[in-house]
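Subject: Structure handover and notes

Dear colleague,

I am passing on the structure we spoke about, together with my notes on it. Please look through the sequence and the coordinates before you read on.

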Amino acid sequence: MAEKWTTSSAAYLRPRTHGESDTWTSAAPGRSGQQLLAVDDVAPPLEVAKLLDLAAGDSSVVRRRLILLDGEPIEIASSYYPSRIAAGTALASSKKIRGGAPTALADLGYPGTRAVEYIEQRIASDEEGALLCLAAGASVLTLTRTTYSDHTPVEASLMVMKAPRRLRYELEVQ
């Protein structure tokens, strides 16, 4: 990947219209791809349980994907959804979701209305390094995003990104 890749987080909250591809595919037409690594109903990590405001014993559906640009892995994305929302839906299916998760959530009555993100830099774990084809000791950028529908947290995404990466934010005063 010769160029720095810029993404806008706001685009990942918007449901797509009928026939539109997911946000990532639209952002880099003909250059992007995803490999679905796993879809499971799990007890979420403590951090995720807190982000989703889940009680002890509540489960979540996790969709874990390897994000590609020009055939090269650039990101590991793990998205968690409360099982009470996702069980038995496209979010829990081991197939690509037409229009992406924001569309599936909106169809279920949970459109994304707000997101909170945390960004950190750290050394990649061995597993992350292997999936992203990184040298030992390489740094990654992590983005933790919680998506809310009104005041209800409906998605917690943990993304591990190959550097360099530039994120773009737009703020609008209402």
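The notes below go from the overall fold to the charged pairs and then to the cores.

This is a predicted model, in which local features need pLDDT of at least 70 and side-chain atom pairs count only at pLDDT 80 or more, while totals for chains, interfaces and linings use all residues. Residues are numbered from 1 along each chain as its sequence is written, and side-chain values use heavy atoms, with hydrogens and water left out.

The secondary structure comes to five helices and eight strands, where helices (H or I, at least four residues) and strands (E, at least two) are DSSP runs numbered from the N terminus. Along the sequence, these elements follow the pattern β-α-β-α-β-β-α-α-β-α-β-β-β. Of the 174 residues in the chain, 44% are buried; here buried means under 20% relative accessible area, exposed means over 50%, and partly exposed lies in between (1.4 Å probe, protein chains only). Among contacts with a separation of 6 or more, 62% join residues 24 or more positions apart, a contact being heavy atoms within 4.5 Å.

The structure holds four salt bridges, each defined as a side-chain nitrogen of Lys or Arg within 4 Å of a carboxyl oxygen of Asp or Glu. One of them joins the side chains of glutamate 72 and lysine 162, at 3.0 Å from N to O. Because glutamate 72 lies in strand β4 (residues 72-82) and lysine 162 in strand β7 (residues 152-162), this pair ties together parts that are 90 residues apart in sequence. Glutamate 72 is partly exposed, with a relative accessible area of 24%, whereas lysine 162 is buried at 8%.

Another salt bridge is formed by arginine 145 and glutamate 117, whose closest N and O atoms are 2.5 Å apart. This pair also links distant parts of the chain, with arginine 145 in strand β6 (residues 139-149) and glutamate 117 in strand β5 (residues 114-123), 28 residues apart. Arginine 145 counts as buried, at 9% relative accessibility. In the salt bridge between arginine 122 and glutamate 128, the closest N and O atoms are 2.8 Å apart; arginine 122 is partly exposed at 32%, and glutamate 128 is buried at 11%.

Tyrosine 118, which lies in strand β5, is exposed at 53% relative accessibility. Leaving aside neighbours within four places in sequence, tyrosine 118 is in contact with Thr142, Leu143 and Thr144. Tyrosine 118 and threonine 142 are 24 residues apart in sequence and 8.0 Å apart in space, C-alpha to C-alpha.

As for the nonpolar cores (sets of buried Ala, Val, Leu, Ile, Met, Phe, Trp, Tyr and Cys residues joined through side-chain atoms within 4.5 Å), the largest has eleven residues, among them Val39, Tyr81, Ile85, Leu105 and Val154. Two or more residues of this core come from each of α3 (83-86) and α4 (101-107), and α4 gives the largest share, with three residues. Not counting residues up to four places away in sequence, isoleucine 85 touches Leu105, Leu108, Tyr110 and Val154. A second, separate core has nine residues, including Val48, Leu51, Val62 and Ala156.

With best wishes
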